[in-house]
Amino acid sequence: MDLNQDRLVSMYRQMVLIRRFEERAADFYREGKIGGFLHLYIGEEAVGVGAIAALEPQDYIVTHYRDHGHALARGLDPKRLMAELLGRATGVSGGKGGSMHLADVSKGFWGGYGIVGGHIALAVGLALSAQYLDENRVVLCIFGEGSTNIGYFHEALNLASLWKLPVVFLCENNLYGMGTAVERASAVPSVAAKACAYNIPATRIDGMNISTVYEAAALAVAHVRSGQGPYLIEAMCYRFPGHSMGDPERYRSKDEVDRYREQDPILMLGKQLESQGILDEGGLEQIDHDVSKVIEAVAVFADQSHAPAPEALHEHVYAHPLNHREGAA
Amino acid sequence: MSAENHISRHEALGLHGEDVHELYYQMVLTRTVDDRLWNLNRQGKVLAFASCLGQEAAQVGSAYALAPDDWLAISYREHGVVIARGMSVRDIFAYAYHRDNDPNTRGRQIPGHYGSQKLHILTASSPVGTQLAHGVGSAWASVYEGKREATIIYFGDGATSTGDFHAAANFAAVHKLPVVFLCQNNEWAISVPNTLQYAVKHLTERAAGYGMMGTLVDGLDVIEVFGATRAALARAYSGEGPTFVEAKCKRLRSHTTEDDDRRYRRREDVEADRAHDPLANLEAYMKAASLWDEGVARQAGEKAAAEVEDATQYAEASPLPKPSETLTHIFAEVKTDAHQNDD
């Protein structure tokens with residue numbers, strides 16, 4: 001469970017990659033090149049990067065629609081991710097999923113899902129399949145605190161605990177379900193406290209500290225992998241931008257946002273790397289510089305890719321399309 | 001337990017000897033109704049329904065604690081609740097026979113889905129657990145209108161695994177709504193036993209997940225159920241929010257008339273469960289409390305049998321709804337011409 005120096009540097013690089021990727025995505029959005037919604041993960045990077053680092057390659061991830069960071073942390077190709085955001089054929093979902101539906105099953109990344117809480121049930125289904133097929137797999141299910149008041153959360157946690165399914169429930173508690181503060185939507189504002197109602201062990205952690213996240217996730221994954229049933233982690237975090245690109249943010253003060261920005265997980269890990277003598281200021285700048293170069297190439301690739309051809313409309317919709325229907329008429 | 005202790009239990013709750021006799025009678029009447037309906041189903045006269053045998057104390061004891069203005073959101077297994085609420089046996093049988101004079105649904109619903117504006121009973125739903133959302137909505141309406149009313153929601157152990165339960169419990173707790181969640185845990189959701197339904201020991205543990213008070217009671221003990229319900233109602237009226245009451249009961253028959261529990265329940269287990277009889281329980285209490293003589297059981301039995309016989313004759317003699325009125329009593333406002341609103 002030790003985080004060696006290389007691992008810490010690699011995590012730092014991943015967080016910077018996510019940050020720069022999303023900043024570029026926001027620009028594309030403002031340029032009108034990204035349609036629909038765009039939900040940024042900025043400020044929450046330590047949760048996804050720290051937790052996903054605790055997984056093995058055969059493990060699965062099912063997540064919500066604030067999913068760019070999770071996909072990048074799992075190692076999906078940033079070029080194909082940005083192309084997906086722009087709705088291009090080279091995107092990971094063929095340009096038909098967009099920001100909220102990033103997926104690459106070859107990497108065990110089953111996707112972002114657009115229905116709040118609906119994917120929690122899918123994660124439990126994947127865990128059931130892993131148990132049934134006797135595969136050594138853990139499913140990491142990531143969701144926000146807003147979805148914990150939805151029926152799916154309840155049904156999924158009960159079944160997972162009852163059948164001792166291999167799921168790590170990772171709640172990113174960023175304090176707001178869109179514009180609704182957690183205390184206004186939940187009489188028990190701690191999601192970890194809800195786990196006792198299902199007999200599931202749980203822990204509440206500082207999600208801005210990546211070492212804390214990694215250690216908690218490693219413990220949870222080990223518990224789940226040993227067949228003892230699910231585990232719940234509540235990672236306290238904060239999203240710096242609005243809920244989506246069109247959020248006027250009337251529900252929180254600028255002071256509050258500024259206070260949390262002081263705990264920026266990238267800033268914190270950078271300071272840690274410096275104070276431990278792992279990297280100096282120049283080293284950190286070099287990473288930033290390298291990542292910016294990568295993002296430039298990513299942006300060019302995405303922007304120059306083509307939209308899906310009209311003939312491809314029916315592709316990627318069903319696993320086994322009923323092609324014979326075309327000739328049936 | 002000494003006789004003094006027993007007496008203090010009902011008297012401590014402000015119940016008189018007459019109340020205990022009334023509770024006993026309502027439980028006997030519930031069982032007599034249930035038995036007769038079951039037999040009539042086997043004769044082909046009454047459609048499918050869910051028996052409440054074994055749950056008489058949980059139903060009568062809780063409903064007896066309600067004030068006239070309170071509201072009830074029920075499941076399809078609550079004959080004892082509606083009897084305690086004051087529905088006449090004639091009305092229950094007119095419904096079971098699907099007669100036009102049934103005030104519940106005018107003979108248009110499957111038996112047991114009671115509903116009455118007069119008695120403040122929201123019409124029961126067939127889908128398991130949906131009444132939880134209805135009941136919380138009813139409680140919210142009471143608060144919104146500034147009325148001193150509570151809503152009691154009746155449901156079983158199976159319903160606690162549904163998403164509706166979760167959403168309803170959270171919402172009621174967040175907004176401190178005047179709700180009593182009355183769970184009759186009869187150990188079976190059709191054929192699924194408790195051990196395959198939830199991973200906690202008692203369902204009351206769920207209450208903590210909503211920041212709600214949870215109370216575990218012996219659902220075979222009518223006095224205990226009454227006391228727990230009344231305490232929950234007091235919390236509801238005073239704005240302290242909802243309470244989860246779990247009444248542990250036994251289901252002494254199959255899930256419904258259409259179910260055969262011999263496929264999933266060992267006979268010796270059913271026999272063992274029959275020893276946990278809420279009526280025998282109350283009889284023992286009444287004996288210890290000097291509220292019993294042999295006449296009590298005989299008179300209650302005779303009176304209940306007479307009521308049920310009268311109600312059966314009444315329903316048999318009542319007319320069926322007219323085919324031409326199929327669409328009446330379905331909507332509050334009837335659209336006579338479906339094309340009228342097409343613009």
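Helices (H or I, at least four residues) and strands (E, at least two) are DSSP runs that are numbered from the N terminus. By that definition, chain B holds 12 helices and eight strands, and its radius of gyration of 20 Å is close to the 20 Å that the globule rule gives for 343 residues, so chain B is as compact as a globular protein of that length. The radius of gyration is taken over C-alpha atoms, and the globule rule is 2.2 Å times the number of residues to the power 0.38.

This is a predicted model, in which local features need pLDDT of at least 70 and side-chain atom pairs count only at pLDDT 80 or more, while totals for chains, interfaces and linings use all residues. Residues are numbered from 1 along each chain as its sequence is written, chains are lettered from A and ligands numbered from 1 in the order in which they are written, and side-chain values use heavy atoms, with hydrogens and water left out.

**The two chains**

Chain A has 13 helices and eight strands. The radius of gyration of chain A is 20 Å, close to the 20 Å that the globule rule gives for 329 residues, so this chain is as compact as a globular protein of that length. The table uses two further terms: buried means under 20% relative accessible area, with exposed over 50% and partly exposed in between (1.4 Å probe, protein chains only), and accessible areas come from the Shrake-Rupley method with a 1.4 Å probe, where for residues only the protein chains shown count as cover.

| Chain | C-alpha box along the principal axes | Buried residues | Accessible surface |
|---|---|---|---|
| Chain B | roughly 75 × 50 × 40 Å | 55% of 343 residues | about 15,000 Å², 53% from carbon and sulfur atoms |

A contact means heavy atoms within 4.5 Å. In chain B, 74% of the contacts with a separation of 6 or more are accounted for by residues 24 or more positions apart, and for chain A the corresponding figure is 74%.

**The sheet of chain B**

Two strands pair if DSSP finds at least two bridges between them. In chain B, six strands form an open sheet with parallel pairing, in the order 2-1-3-4-8-7. Strand 2 (121-122) and strand 7 stand at the edges with a single partner strand each, so one side of each is left without a neighbour in the sheet. Within this chain, strand 4 (residues 179-185) and strand 8 (residues 243-248) pair in the parallel sense over six bridges, and F181(B) has F244(B) as its bridge partner in strand 8.

**M212(B) and its surroundings**

M212(B) lies in the loop between helix 8 (205-208) and strand 7 (213-218) of chain B, and it counts as buried at 10% relative accessibility. Leaving out residues up to four places away in sequence, M212(B) touches A169(B), A173(B), F181(B), A207(B), P242(B), T243(B) and F244(B). Although M212(B) and F244(B) are 32 residues apart along the chain, their C-alpha atoms are separated by 7.0 Å.

**A covered helix**

Helix 5 (residues 89-96) of chain B is mostly covered, with six of its eight residues buried, namely V89(B), I92(B), F93(B), A94(B), Y95(B) and A96(B). The cover over these buried residues includes helix 2 (17-42), helix 4 (79-85) and helix 12 (294-317) of chain B. Just after helix 5, H98(B) takes a positive phi of about 55°.
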